[in-house]
Amino acid sequence: MSETTARPASAPTAAVPARPRRLRVALRVVQVLLALFFAVASALPKLIAHSSAADTFAEMGWGDAGMYAIGVLELTGAVALLVPVLQSVAATALSALMVGAFVVQLTYFDGANAATPLILMVPLLVVARARRGHNEELRRLLRARVLRG
């Protein structure tokens, strides 16, 4: 018998389901942490017009409208990260927002803090990929909604 076909009789089979469960839990924890970051640390200062956010947007020439718009997008993405059918789309949208934040950091602020959006994109893209199975469910729900009129 060759080595590739020989299997030990005591090969554990109970350990197989535990790993995916741990990964699912870890992914969920990452999603909650990302949602908290985007809602509290990023969107909230913009939505309450905290001086740190207001001064930054004024310096860029985007004013209050730009500040509130970005804040709403971040808060919406944070909430959607916690809704199963929207998780992948939310992570993808927030990743796109982080591309914009990276460009803004480079162009307006000479690269200061430019790494932050890139660092945030890593877990966002992991979530987008891992939760992509929900995209078909979202398409089905949208299609049904459109057909109902």
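How are α3 and α4 oriented relative to each other? The legends below begin with that pair of helices.

**View 1. Packing of α3 against α4 in the predicted model.** The two axes lie 8 Å apart at an angle of about 150°, each axis being a line fitted to C-alpha atoms over the stretch in contact, with angles running from 0 to 180 degrees between N-to-C directions. α3 and α4 are therefore roughly antiparallel to each other, a label given to angles over 145 degrees. Their crossing is left-handed, meaning that the near helix is turned anticlockwise from the far one by less than a right angle. On the α3 side the contact (heavy atoms within 4.5 Å) involves Ile70, Leu73, Glu74, Gly77, Ala78 and Ala80, and on the α4 side Gln87, Ala90, Leu94 and Leu97. These residues divide into seven nonpolar, two polar and one charged; Ala, Val, Leu, Ile, Met, Phe, Trp, Tyr, Cys and Pro count as nonpolar, Asp, Glu, Lys and Arg as charged, and the others, Gly among them, as polar. The model is predicted, so local features need pLDDT of at least 70 and side-chain atom pairs pLDDT 80 or more, whereas totals for chains, interfaces and linings use all residues. Numbering runs from 1 along each chain as its sequence is written, and side-chain values use heavy atoms, without hydrogens and water.

**View 2. Packing of α4 against α5.** Here the angle is about 160° and the axes are 8 Å apart, which makes α4 roughly antiparallel to α5. The crossing of α4 and α5 is left-handed. Among the residues in contact are Ala91, Ser95 and Met98 of α4 and Leu120, Leu124 and Val127 of α5. The contact comprises 14 nonpolar residues, four polar and no charged.

**View 3. The largest nonpolar core.** Such a core is a set of buried Ala, Val, Leu, Ile, Met, Phe, Trp, Tyr and Cys residues joined through side-chain atoms within 4.5 Å. Of its 24 residues, Leu34, Phe38, Leu81, Met98 and Leu124 touch the most other members. At least two residues come from each of α1 (15–47), α2 (51–60), α3 (63–80), α4 (87–108) and α5 (115–130), helices being DSSP runs (H or I, at least four residues) numbered from the N terminus. α4 gives the most, with six residues.

**View 4. Surroundings of Leu124 and Leu34.** Leu124 lies in helix α5 and counts as buried at 0% relative accessibility (under 20% relative accessible area, 1.4 Å probe, protein chains only). Beyond four places in sequence, Leu124 is in contact with Leu34, Phe38, Leu81, Ala91, Leu94, Ser95 and Met98. Leu124 and Ser95, 29 residues apart in sequence, are 6.2 Å apart C-alpha to C-alpha. With residues up to four places away left out, Leu34 touches Leu81, Leu120, Pro123, Leu124 and Val127.

Terms used: Buried means under 20% relative accessible area, exposed over 50%, partly exposed in between (1.4 Å probe, protein chains only). Angles under 35 degrees count as roughly parallel, over 145 as roughly antiparallel, 65 to 115 as roughly perpendicular and the rest as oblique.
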